[in-house]
Amino acid sequence: MSHQKNTGQSVAEQTNIKEKKLIKNEKHVDHDEGKPGKFRAFWQWLTGRFADMDGVIFILYIILLAVGLLMVTTASSYRATAEGSPTYYYLMRQALFAGVGFIALIFIFLMNAKFWRKKWMQIFIYVVILSLLLVTAKFGRAINGAQGWLFLGPLSLQPVEFAKPALILLVAHFLSKREVQDSLVKAKNPFELIKQFWLPLGAILFWLVIIFTFPDVGGVLILGSLLALMILNAGLPISWLRNTVFGIIFIYFVVVLLFRFVDLSHIDSYQIQRFTAFIDPFQDARDAGLQLVYGYYAFANGGIFGLGAGNSIQKLGYLPEAHNDFIMAIVGEEFGMWGVLAILFLYFGLVLYIFYRAQKMKRTYHQLILLGVGAYFLIQAFVNLGGVLGLIPLTGVTFPFMSYGGSSLLVTSIMIGIALNILRTDKQMYRASLQEKLQKEERKV
């Protein structure tokens, strides 16, 4: 009997050997080394705070950030010169937001994740975003047909971008509640859920209604998709997800057929023109279809290996948003198909890794946060590339890391910071539970 007991204990110890050694080392480090000096104490505190940072996400973030700055430089240099600004004008602005975003990432990473879940903080987040959207609806400046920008001196702010991480934090907190989880498991149809949770759903839909009035179809599409994906992955039967996917595909083909066979060109609407342009951009290549047509030219010029860094033709005044929405077309023109694939490999490697780590989370809240962050990057890339390739209408959505835009880059860093914070919190909670288990075993001995 004693032999079997010892064998069972040795297996358990082998399973957690690394964690137990780490805990014991942390426990006795002060006794072994004595009281450290001020600098050494600060260094130990600093390295200790970053010991649990996920290296894969952080390294991919740095690489994609560097590549994005390079692409903004090459895609915007001609435009900056033509406007009478310094050649690296857009790079300097983007680098400024990259620095601010990096600081925001570190700050969010070091925060206590419980802070976001406090009731007053949840209310504060919602009210701040709502206020920004209302101010934008009243005083915002229209760019490309959408009144979605607030200008603060030389800087511009796009409040819709900041609604995305806010939505993830609010929805993940709500969906992870025990009573909500029980309701999701028992739900038989969407109407039952709407009836039960009409107030929180109505609060988020109020955001979407305001954004739609800008009009910002891309913002509504991304926020709505984020909300739907988080709900579908919060405990609902898999059949709900399957039926939703089939429903979206059906609606997509209906819309394509509608704009293919029904002439809506007489309607004087910028949004309608975007829909008709993606069906046949060459029919209106001088107006609504101009961006899409020159985007195709860019990919065609680049071919497999590209024209070389800085040698894009379409950025020389032909493609209006070369440094912004259509920056992947410039990547294709200068670095070819292999350049585009390399960036997509790194980008979707980051997305898949976040989803992979989400599936490993034991706590529903942590899982939903990571799913939301991964879904954000996936949806943003799909909407941007779908528009650039003519698969869906253009909506003015940026490609994270690559496209020029301070608000977009700042939110990208915030999203990465949230993911790193959740992974750090999960490691710390796991280590704390393991330490408690170890202490119990020592008491028995």
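**Reading salt bridges, ring pairs and contacts**

Tutor: R363 is partly exposed, at a relative accessible area of 31%. On this scale buried means under 20%, exposed over 50% and partly exposed in between (1.4 Å probe, protein chains only). The model is predicted, so local features need pLDDT of at least 70 and side-chain atom pairs 80 or more, while totals for chains, interfaces and linings use all residues. Residues are numbered from 1 along each chain as its sequence is written, and side-chain values use heavy atoms, leaving out hydrogens and water.

Student: With which residue does R363 meet in a salt bridge?

Tutor: Side chains of opposite charge can pair when their charged atoms come close. The partner of R363 is D426, with 3.6 Å from N to O (the criterion is a Lys or Arg side-chain nitrogen within 4 Å of an Asp or Glu carboxyl oxygen). Because D426 belongs to helix 17 (residues 406-444) and R363 to the loop between helix 15 and helix 16 (364-388), the pair ties together parts 63 residues apart in sequence. Helices here are DSSP runs of H or I with at least four residues, and strands are E runs of at least two, numbered from the N terminus. D426 is buried, with a relative accessible area of 13%.

Student: How many salt bridges does a search of the whole structure find?

Tutor: The search finds five. One of them joins the side chains of K315 and E334, at 3.2 Å from N to O. That pair links distant parts of the chain: K315 sits in the loop between helix 14 (290-302) and helix 15 (327-360), and E334 in helix 15, 19 residues apart. Both K315 and E334 are buried. Another salt bridge joins R79 and E83, at 3.1 Å from N to O. There, R79 is partly exposed at 30% relative accessibility, and E83 is partly exposed at 43%.

Student: How many aromatic pairs are found in the whole structure?

Tutor: There are 17. Rings of Phe, Tyr and Trp (its six-membered ring) pair if their centres lie within 6.5 Å; planes under 30 degrees apart are stacked, over 60 edge-to-face, the rest tilted. For Y61 and F401, the ring centres are 6.0 Å apart and the planes stand at 65 degrees, so this pair is edge-to-face. Y61 lies in helix 4 (residues 55-82) and F401 in the loop between helix 16 and helix 17, so parts 340 residues apart in sequence are tied together. Y61 counts as buried at 0% relative accessibility, and F401 is buried at 2%.

Student: Why is the pair of Y347 and F401 edge-to-face?

Tutor: Their ring centres are 6.5 Å apart and their planes stand at 80 degrees, so the pair counts as edge-to-face. Y347 comes from helix 15 and F401 from the loop between helix 16 and helix 17, so parts 54 residues apart in sequence are tied together. Ring pairs link F58, Y61, F102, Y347, F348, Y376, F377, F399 and F401 into a cluster.

Student: Which residues does Q158 touch, not counting residues up to four places away in sequence?

Tutor: Contact means heavy atoms within 4.5 Å. With that exclusion, Q158 touches G148, W149, D216 and S407. Q158 itself is placed in the loop between strand 3 (155-157) and helix 7 (159-175), and Q158 is buried, with a relative accessible area of 13%. Under the same exclusion of residues up to four places away, M328 touches F299, V340, I343, L344, N384, L385, F399 and M402.

Student: What do the totals for the chain give?

Tutor: The chain has 17 helices and three strands. Of its 445 residues, 44% count as buried. Among contacts between residues at least 6 apart in sequence, 71% join residues at least 24 apart.
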